[in-house]
Amino acid sequence: MLKKISLIVLIVFYIIAGVNHFVHPDGYLKIIPDYLPAPHLLNYLAGACEIIFGALLIFPLTRNWGIALLILMLAAFMPVHITMLQQAPMHLGPWHITPAIAWIRILLQPLLMLWLAWHWQTKQTGNV
């Protein structure tokens, strides 16, 4: 039961996070490193990926793909979190990001990866 609830939380979290890239792009644009090209496009691609990869978690046959892609995405987002740390203290919408919060976000990435990996299926079944 705990694993089912955990999976539902992940699905909802990633889909909402992805939608947020389209609804509130300014906060994301602010933390995309300057050396990356086309920040608007990157923001929308990141949002679309979060939505798609989160949706892949729903179905047992695509769940491992969603997990693998989300873990890779979390690793790819590390420069964004480092940029946030370098810019802290800063404001992202209503949020005040202190250096401590930026460090927590960096340290949270491996925990999110482990959380996703916990749902890895050794055999694909029709069960959630």
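Colleague: What kind of model is it?

Modeller: It is a predicted model, where local features need pLDDT of at least 70, side-chain atom pairs count only at pLDDT 80 or more, and totals for chains, interfaces and linings use all residues. Residues are numbered from 1 along each chain as its sequence is written, and side-chain values use heavy atoms, with hydrogens and water left out.

Colleague: What is the mean pLDDT of the chain?

Modeller: The mean is 94. pLDDT is the predictor's confidence in each residue, from 0 to 100. In this chain, 96% of the residues reach 70 or more.

Colleague: Which elements have the lowest and highest mean pLDDT?

Modeller: Strand 1 (residues 90-92) has the lowest, at 88. Helix 3 (residues 39-56) has the highest, at 98.

Colleague: How many helices and strands are there?

Modeller: The protein chain has six helices and two strands. Helices (H or I, at least four residues) and strands (E, at least two) are DSSP runs, numbered from the N terminus. The order from the N terminus is α-α-α-α-α-β-β-α.

Colleague: What about the radius of gyration?

Modeller: The chain has 15 Å. A compact globule of 128 residues would be near 14 Å, so the two agree. The radius is taken over C-alpha atoms, and the globule rule is 2.2 Å times the number of residues to the power 0.38. Along its principal axes, the C-alpha trace spans about 45 × 30 × 25 Å.

Colleague: How much of the chain counts as buried?

Modeller: Of the 128 residues, 35% do. Buried means under 20% relative accessible area, exposed over 50%, and partly exposed in between (1.4 Å probe, protein chains only).

Colleague: New topic. Where does Pro25 lie?

Modeller: Pro25 lies in helix 2 (residues 25-31). Its relative accessibility is 16%, so Pro25 counts as buried.

Colleague: What is Pro25 in contact with?

Modeller: Leaving aside neighbours within four places in sequence, Pro25 is in contact with Asn20, Asn43 and Tyr44. Contact means heavy atoms within 4.5 Å.

Colleague: Why is the pair of Phe13 and Tyr14 edge-to-face?

Modeller: The planes are at 80 degrees, so the pair is edge-to-face. The ring centres are 4.9 Å apart. Phe13 is partly exposed at 43%, whereas Tyr14 is buried at 2%.

Colleague: And how are the rings of Phe22 and Tyr44 placed?

Modeller: Their centres are 5.3 Å apart and their planes at 15 degrees, so this pair is stacked. Phe22 lies in helix 1 (residues 2-23) and Tyr44 in helix 3, so the pair ties together parts that are 22 residues apart in sequence. Phe22 is partly exposed, at 39%. Tyr44 is partly exposed too, at 33%.

Colleague: Over to Asn64. Buried or exposed?

Modeller: Asn64 is buried, with a relative accessible area of 9%. Asn64 is found in helix 4 (residues 60-76). Its side chain reaches the backbone oxygen of Gln121 at 2.8 Å.

Colleague: Leu61, then. Buried or exposed?

Modeller: At 65% relative accessibility, Leu61 counts as exposed. Leu61 is in helix 4 as well.

Colleague: What about the peptide bond from Ala88 to Pro89?

Modeller: That bond is cis, with omega near 0 degrees. Pro89 sits in the loop between helix 5 (78-87) and strand 1.

Colleague: Last one. What is the phi of Ala38?

Modeller: Ala38 has a positive phi of about 50 degrees, although it is not a glycine. Ala38 is in the loop between helix 2 and helix 3. Its relative accessibility is 41%, so Ala38 counts as partly exposed.

Definitions and conventions:
Phe/Tyr/Trp six-rings, centres within 6.5 Å; stacked < 30°, edge-to-face > 60°. Polar contact = N/O pair within 3.5 Å; in protein donor to acceptor, adjacent residues only side chain to side chain.
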